[in-house]
Amino acid sequence: MRLFLILIIVVPALEIFTLIQVGQVIGGWLTFFLVIAMSALGAYLLKVQGRNTLRQISREMQMGSLPGDSLLDGACLLVGGTLLLTPGFLSDIVGMMMLLPGTREIPKRLIKVYLMKMMQNGNYSFYRRF
């Protein structure tokens, strides 16, 4: 909870600082249009990658297998798309990492490690229906 509170305060402050610094270097209007362009690019990538992920989930379900990795892709796309729609360069970098298939593997691996630790500690359980 403390980490979440710190993130709520620190991340927006860093975003504002970064926007100001970039605005001083390239100008306010160019910074504004760059933020808008990144949001538009993020929306487009989210649309394309989202469709691909939904198709993959559908294929895996039709074959009778659990779409675990594809669902993680979907979660990364959801977070990445949200971050790209949020104004700021730092959130755009992280959002782009989660939207592009090659760099998405890093956050997916971190999420898997986190979930495994939760299951080992008994903080997470799952049930299988037969």
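This is a predicted model: local features need pLDDT of at least 70, side-chain atom pairs count only at pLDDT 80 or more; totals for chains, interfaces and linings use all residues.
**Entry 1: a word to start with**

A residue counts as buried when its relative accessible area is under 20%.

**Entry 2: E60 and its surroundings**

I looked up where E60 sits, and its place is in helix 2. Then I asked myself: which residues does E60 touch, leaving out those up to four places away in sequence? I found S65, L66, P67, G68 and S70. I also checked the C-alpha atoms of E60 and S70, which are separated by 8.6 Å. Along the chain, these two residues are ten apart.

**Entry 3: stepping back to the whole protein**

Next I went through the secondary structure, which comes to five helices and zero strands. Along the sequence, I read the pattern as α-α-α-α-α. The radius of gyration is 18 Å, well over the 14 Å that the globule rule gives for 130 residues, so the protein is more spread out than a compact globule. I looked up the box as well: taken along the principal axes, the C-alpha atoms fill roughly 60 × 35 × 20 Å.

How much of the protein counts as buried? I noted 26% of the 130 residues. For contacts between residues at least 6 apart in sequence, I noted that 53% join residues at least 24 apart.

**Entry 4: helix 2 against helix 3**

I turned to helix 2 (residues 28-62) and its packing on helix 3 (residues 68-85). Their axes are 9 Å apart, and the angle between the two helices is about 165 degrees. That makes helix 2 roughly antiparallel to helix 3, because an angle over 145 degrees counts that way. I marked their crossing as left-handed.

Then I listed who meets whom. Helix 2 brings residues including M38, G42, L46, T53 and I57, and helix 3 brings residues including L71, G74, L77 and G81. Sorted by class, the contact has seven nonpolar, ten polar and two charged residues.

Is S39 buried or exposed? At 16% relative accessibility, S39 counts as buried. Residues up to four places away in sequence aside, S39 touches L84 and L85.

Q49 is another residue of helix 2. I found a relative accessible area of 14% for Q49, which is buried. Leaving out residues up to four places away in sequence, Q49 touches L77, L99, P101 and R104.

**Entry 5: helix 3 against helix 4**

What angle do the axes of helix 3 and helix 4 (residues 89-99) make where they cross? I wrote down roughly 150 degrees, with the axes coming within 7 Å. That makes helix 3 roughly antiparallel to helix 4. Helix 3 passes helix 4 in a left-handed crossing.

From helix 3 I noted C76, L77, V79, G80, G81, L83 and L84, and they meet S91, D92, V94, G95, M96, M98 and L99 in helix 4. This contact has nine nonpolar, four polar and one charged residues.

I stopped at V79, which lies in helix 3. V79 is partly exposed, with a relative accessible area of 40%. V79 and V48 are 31 residues apart in sequence, and their C-alpha atoms are 15 Å apart in space.

I also checked which residues of helix 4 are buried, and my list reads F89, S91, D92, G95, M96, M98 and L99. These buried residues pack against helix 1 (2-26), helix 2, helix 3 and helix 5.

**Entry 6: helix 3 against helix 5**

My last stop was helix 3 with helix 5 (residues 101-121), where the axes are 10 Å apart and the angle is about 110 degrees. Helix 3 and helix 5 are therefore roughly perpendicular to each other. I marked this crossing as right-handed.

The contact takes D69, L72, D73, C76 and L77 from helix 3, and R104, P107, K108, I111 and K112 from helix 5. By class, I noted five nonpolar, no polar and five charged residues here.

Key: Residues are numbered from 1 along each chain as its sequence is written. Side-chain values use heavy atoms; hydrogens and water are left out. Axes are lines fitted to C-alpha atoms, for helices over the stretch in contact, and angles run from 0 to 180 degrees between N-to-C directions. Helices (H or I, at least four residues) and strands (E, at least two) are DSSP runs, numbered from the N terminus. Angles under 35 degrees count as roughly parallel, over 145 as roughly antiparallel, 65 to 115 as roughly perpendicular and the rest as oblique. A crossing is left-handed if the near helix is turned anticlockwise from the far one by less than a right angle, and right-handed if clockwise. Contact means heavy atoms within 4.5 Å. Ala, Val, Leu, Ile, Met, Phe, Trp, Tyr, Cys and Pro count as nonpolar, Asp, Glu, Lys and Arg as charged, and the others, Gly among them, as polar. The radius of gyration is taken over C-alpha atoms; the globule rule is 2.2 Å times the number of residues to the power 0.38. Buried means under 20% relative accessible area, exposed over 50%, partly exposed in between (1.4 Å probe, protein chains only).
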